[in-house]
Amino acid sequence: MQNKSPSLITNSNGVHLSHMQQVRFSSAIVDYYYNSPVSILPQICTNDNIVFITDSNVAAAHPGIFEGRTTLLIQAGEESKTLETIERLCNELLEAQATRQTWIVGVGGGVVSDITGFVAAVYMRGVKCGFVPTTLLAMVDAAIGGKNGVNTGPHKNIIGTIRQPDFILFDPTLLSSLPDVEWSNGFAEVIKYACIFDKELFTELTANDISYYQKNAAALNGLITRCANLKNKTVAEDEHEKGIRKLLNFGHTAGHAIETTYSLPHGVAVSIGMVIAAAMSVEKCGLPHDLPARLRDLLRRYGLPATHAIDTGKIMSLLRADKKRNKEYIDYILLEQIGKGVICPLTFPEIESALKRHESNS
Ligand SMILES: NC(=O)c1ccc[n+]([C@@H]2O[C@H](COP(=O)([O-])OP(=O)(O)OC[C@H]3O[C@@H](n4cnc5c(N)ncnc54)[C@H](O)[C@@H]3O)[C@@H](O)[C@H]2O)c1
């Protein structure tokens, strides 16, 4: 990854608005506007030919962003992540006479960025695109790294591309309208980074709580930038997930299957997935015995569950169709220590017995 020296963005009166950093991935260079007001968008998309994609909740919470702009709306929620939505949006882009010069800008949570990234990758075989993430989860994770996709049946993100956006603009003030449950969801991914990469972050999180970050703009911006940079560094090293990027799946393997089976929010399911993986880590990787309990305490501190009644049979049948599986095993992400994730190939019987242990303890 290369963070070029930040360049200043100024308005027409010469007033300093924002710092832009460029992050170099193997496929593209992406402009990151951290801690920047969404009002600078016209200075980023200089030809002012913008079509927004957003969802019903974000459109209602932040109408000013879309005033006087062509805006394509999706229904809020995971159910919108389908090929039908992609086709409908492509047709609406045609009706709006969007060309290859049009910027497609997704303003919303991970559902919007996944859909926008996909639409921008396939409309006219690829057009310019940017993201303005509006959930904590999208700011620290979903908007970053170029993965996009939709679901089919119970299979999550199974159809999609890896294509970087041209820019990402982070405006933490947009989080002011975010419901508390969505703050918790975002913290599941923050805690994930702490577990796999960043012991100091784990300590920082243990000393604080959601309201601390809600009230302290500098701490919140620091948290978002720190997590975004952890993901940038990982993706820059391994954009196509041959190795180190797999670490970002900590909590996600069982998590995705639990999310689909029980229609749980992404962060809640990841939280349960991390608890299951931490318990496996003690047995398989020598994670100290006290750490799963410390992780459970931290998750609860951020409003996340440490357990959920699961049906191992149902989860296993989805895991056997997981896109990350090999014939006999799945590259499971476990912990050697807090701050040190490792890739551990586990057979299906090994995973099954870990899930059964969780099932009987919950
Ligand atoms: N592509 C990736 O690398 C990646 C990584 C992680 C997650 N994801 C995907 O992201 C999705 C989850 O993202 P999410 O948690 O942001 O979900 P989401 O996009 O569904 O947003 C959660 C809820 O918050 C609402 N919302 C969004 N911003 C708001 C705001 N500022 N004020 C009020 N309400 C607001 C939304 O309308 C929605 O109801 C999943 O589909 C997951 O698969 C993708």
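**View 1. Helices α11 and α14 cross in this predicted model.** Helix α11 covers residues 252-262, and helix α14 covers residues 312-319. Their axes come within 9 Å. They cross at roughly 115 degrees. The crossing of α11 and α14 is right-handed.

**View 2. Residues of α11 meet residues of α14.** On α11, look for T253, A254, A257, I258, T260 and T261. On α14, the partners are K314, I315, L318 and L319. Sorted by class, this contact holds 6 nonpolar, 3 polar and 1 charged residues.

**View 3. The protein chain is divided into domain 1 and domain 2.** Domain 1 runs over residues 7-178. Domain 2 takes residues 240-361. The C-alpha centres of the two domains lie 30 Å apart.

**View 4. Domain 1 touches domain 2.** The contact draws 6 residues from domain 1 and 8 residues from domain 2. On the domain 1 side, β9 gives the most, with 3 residues. By class, that side of domain 1 has 4 nonpolar, 1 polar and 1 charged residues.

**View 5. A shell of 32 residues surrounds the ligand.** The closest are N57, A76, G109, G110 and T135.

Technical notes:
Residues numbered from 1 in each chain as written. Predicted model: local features only at pLDDT ≥ 70, side-chain atom pairs only at ≥ 80, totals over all residues. Near = placed C-beta within 6 Å. Domains from an automatic or database assignment. Contact = placed C-beta atoms within 7 Å. Helix = DSSP H or I, 4+ residues; strand = E, 2+ residues; numbered from the N terminus. Nonpolar A, V, L, I, M, F, W, Y, C, P; charged D, E, K, R; others polar. Axes fitted to C-alpha atoms, helices over the stretch in contact; angles between N-to-C directions. Left-handed = near helix turned anticlockwise from the far one by under 90°.
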